[in-house]
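The following note sets out points for a colleague who is reading the model alongside its sequence.

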Amino acid sequence: MTRSVPGCPPSLEGLIEENRLTLAQLRGLLDELTPTVYRQPFGTAGRHTLGKHVRHIIDHYTVLFGGLEGGEESLDYEHRRRDETLEELPRRAAERLVSIEASLLALADRQLPPRLTLEYPLDDERLTLGSSIERELAFLTSHTIHHMAILGLLAEQVGVSLPESFGVHPSTLRHWRREAMPAPVTAEDA
């Protein structure tokens, strides 16, 4: 991975870059979709649409950046805004993804809180869990990839062709690259 976020700690830089690359791949899908396909219902109850999964992804990033911009150190993904226009209009969702990618890059120039907390409901109680910006970025990558895998399945059902790497976690892509590399030659092999 090339250093694209100068002055940023390598761990944070890598997480920013993984999120940016993942969101860029998602934007590529949005460029291929008409509003009709984006809103098409799937499943026996018709509850799934490509747009709902994309909106759900964006909502999670909005919680993180809304909290950081508001000076909050506590995040609660259960209380998301759920902007339904992002479910209806792929172009609007793509514009929000561009904005999120810019916010990711801007993290390198921000004074970030050393610790975050995550509010998590568990039955009748609320847990307050320790976290960090790095941990939340790792979560967002995995969460986004998970929904992109579902998006990929739905898109294929309507004939949208996707790259093999769409909806595949960066760790799996790294594994695939390692597996494809020839084994190093050792002195014993010579």
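**Notes on the predicted model**

1. Trp176 counts as partly exposed because its relative accessibility is 36%; buried means under 20% relative accessible area, exposed over 50%, and partly exposed in between, with a 1.4 Å probe and protein chains only. This tryptophan, Trp176, lies in helix H7, residues 170-180. Leaving aside neighbours within four places in sequence, Trp176 is in contact with Glu164 and Val168, where contact means heavy atoms within 4.5 Å. The C-alpha atoms of Trp176 and Leu107 are separated by 30 Å, the two residues being 69 apart along the chain.

2. Basis of the values. This is a predicted model, in which local features need pLDDT of at least 70 and side-chain atom pairs count only at pLDDT 80 or more, while totals for chains, interfaces and linings use all residues. Residues are numbered from 1 along each chain as its sequence is written, and side-chain values use heavy atoms, with hydrogens and water left out.

3. Overall composition. The protein has 7 helices and 3 strands; helices (H or I, at least four residues) and strands (E, at least two) are DSSP runs, numbered from the N terminus. Along the sequence the pattern reads α-α-α-β-α-α-β-β-α-α. Taken along the principal axes, the C-alpha atoms fill a box of roughly 60 × 45 × 35 Å. Of the 190 residues, 41% count as buried.

4. Contacts and surface. Among contacts between residues at least 6 apart in sequence, 67% join residues at least 24 apart. The accessible surface comes to about 10900 Å², and 52% of it belongs to carbon and sulfur atoms; the areas come from the Shrake-Rupley method with a 1.4 Å probe, and for residues only the protein chains shown count as cover.

5. Charge. The protein has 20 positive and 29 negative side chains, and the centres of the two sets lie 4 Å apart. Lys and Arg count as positive and Asp and Glu as negative, with His and the chain ends not counted. Each charge is placed at NZ of Lys, CZ of Arg, CG of Asp or CD of Glu.

6. Which strands form the sheet, and in what order? The 3 strands form an open sheet in the order E1-E2-E3, with mixed pairing; two strands pair if DSSP finds at least two bridges between them. E1 and E3 stand at the edges, each with a single partner strand, so one side of each is left without a neighbour in the sheet.

7. The parallel pair. Strand E1 (residues 74-75) and strand E2 (residues 116-122) run parallel and are joined by 2 bridges.

8. The antiparallel pair. E2 and strand E3 (residues 125-131) run antiparallel, with 7 bridges joining them. Pro121 stands opposite Arg126 in E3. The hairpin of E2 and E3 has 2 residues between the strands, and there Asp123 takes a positive phi near 55°. Asp123 is not a glycine, and its relative accessibility of 77% makes it count as exposed.

9. With 36% relative accessibility, Arg82 counts as partly exposed.

10. Helix H3. Is this helix mostly covered or mostly uncovered? H3 is mostly covered, since 16 of its 20 residues are buried. The 20 residues of H3 (residues 50-69) should span 28 Å at 1.5 Å a residue, and the end C-alpha atoms are 29 Å apart, which agrees; the expected span is 1.5 Å times one less than the number of residues. Gly71, whose phi is positive and near 75°, follows H3.

11. Thr49 lies in the loop between helix H2 (35-39) and H3. At 7% relative accessibility, Thr49 counts as buried. Not counting residues up to four places away in sequence, Thr49 touches Tyr38, Arg39, Gln40, Pro41, Phe42 and Leu154.
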